[in-house]
Amino acid sequence: MSALVSIIVPCYKQAHFLSESLQSVLNQTYSDWECIIVNDGSPDDTESIAQQWCNKDNRFSYLYKENGGLSSARNAGIATSKGEYILPLDADDCIHKDYLIKLVPELQQDNFLAIVSCYSRFFKKNLNNIVYELKPQGESCRSLLYVNQLIATSLYRKKCWQEVGGYDESMKKGFEDWEFWLAITKTGWEYKIVQEFLFYYRKSKKSMLTDTINNHAESNKEYIYKKHKEIYIEDFENGLLVLFYQIKTYRTSEMKIKNSLEYKIGKLIIKPFRVISKLFLK
């Protein structure tokens, strides 16, 4: 028996990619879906493009809201959705035509499953230019503690979203999906990885993920660890191993840089400027 899937597509300054993403939705071989395009107060032409798709197929719908961030946009779209299952899809990414037809049955056949995900391909500019492949692992909360094994575009039960109160809207600097998966699975729900490449992530120099990793990774992890501290306390020994491994890796990397020829030459070049600056400060 078919189940309605609500595909939620938040859009903020991504109108130039939106049609490609929505075309991948329209191409689905599984037909029982609705797609809610959420304009998160975007200053570009998101609205006009969304309306074109709504006119093309009545399974598309449009929702405007004031800018509030990715979590807020997803929550707003899900709150108006009618589907039993939810699929978040960022406006610059794409799904394989068989994504739904391969993943929906997994949730239908296993009542212990909350989330179903898949292998991913990262691309630049077009889907033929694959630059990286991701093969996540695991099946429970324990596998998610220190690495987010689940892509944001994973299929899950709407009732799980309701149980945890949706995405954390205070997390505006990324990792909101990781926190969401932890909130669901720590209560005993499981997830499954379908071992097929069914999701395409657009890799760009400027992206929320890049900004998160470069500038907010540590603060986001600290927030997650504190919010879900009970599961990290239970895994205390492994937590220490992970922490000290990361410290060791950082120190090793730092020493390699300091011992490199480039670093030593750089120190010699700037040494006269340091001497001059000290003279002016006296």
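The largest nonpolar core of this predicted model has 38 residues, a nonpolar core being a set of buried Ala, Val, Leu, Ile, Met, Phe, Trp, Tyr and Cys residues joined through side-chain atoms within 4.5 Å. Buried here means under 20% relative accessible area, exposed over 50%, and partly exposed in between (1.4 Å probe, protein chains only). Val5, Ile7, Cys35, Phe60, Tyr99, Leu100 and Leu155 have the most contacts inside this core. At least two core residues come from each of strand 1 (5–11), helix 1 (15–26), strand 2 (33–40), helix 2 (46–56), strand 4 (85–88), helix 4 (99–109), strand 6 (113–123) and strand 9 (190–202); helices (H or I, at least four residues) and strands (E, at least two) are DSSP runs, numbered from the N terminus. Helix 4 supplies the largest share, five residues. A second, separate core of 33 residues includes Tyr119, Tyr146, Phe175 and Trp189.

Residues are numbered from 1 along each chain as its sequence is written. As the model is predicted, local features need pLDDT of at least 70 and side-chain atom pairs count only at pLDDT 80 or more, while totals for chains, interfaces and linings use all residues; side-chain values use heavy atoms, with hydrogens and water left out.

Leaving aside neighbours within four places in sequence, valine 5 is in contact (heavy atoms within 4.5 Å) with Tyr30, Asp32, Trp33, Glu34, Tyr85, Leu87, Leu100, Val104 and Leu155.

Asparagine 75 lies in helix 3 (residues 70–79) and is buried, with a relative accessible area of 8%. Beyond neighbours within four places in sequence, asparagine 75 is in contact with Trp161, Gly166, Tyr167 and Glu169. Cysteine 94 is also buried, at 3% relative accessible area, and cysteine 160 is buried at 0%. A search of the whole structure finds zero disulfides, a disulfide being a pair of cysteine sulfur atoms within 2.5 Å.

Turning to open space, the second largest pocket holds about 550 Å³. On a 1 Å grid over the protein atoms alone, a pocket is an open set of points where a 1.4 Å probe fits, with protein on both sides within 12 Å along at least five of seven lines, and lining residues have an atom within 4 Å of a point. Of its 18 lining residues, Lys221, Tyr225, Gly239, Leu243 and Gln246 are the closest to the centre of this pocket. Helix 7 (208–227), helix 8 (229–234) and helix 9 (236–258) each give at least two residues to the lining, with helix 9 providing the largest share, seven.

Technical notes: Points joined across faces, edges and corners; volume = space filled by probe spheres on them.
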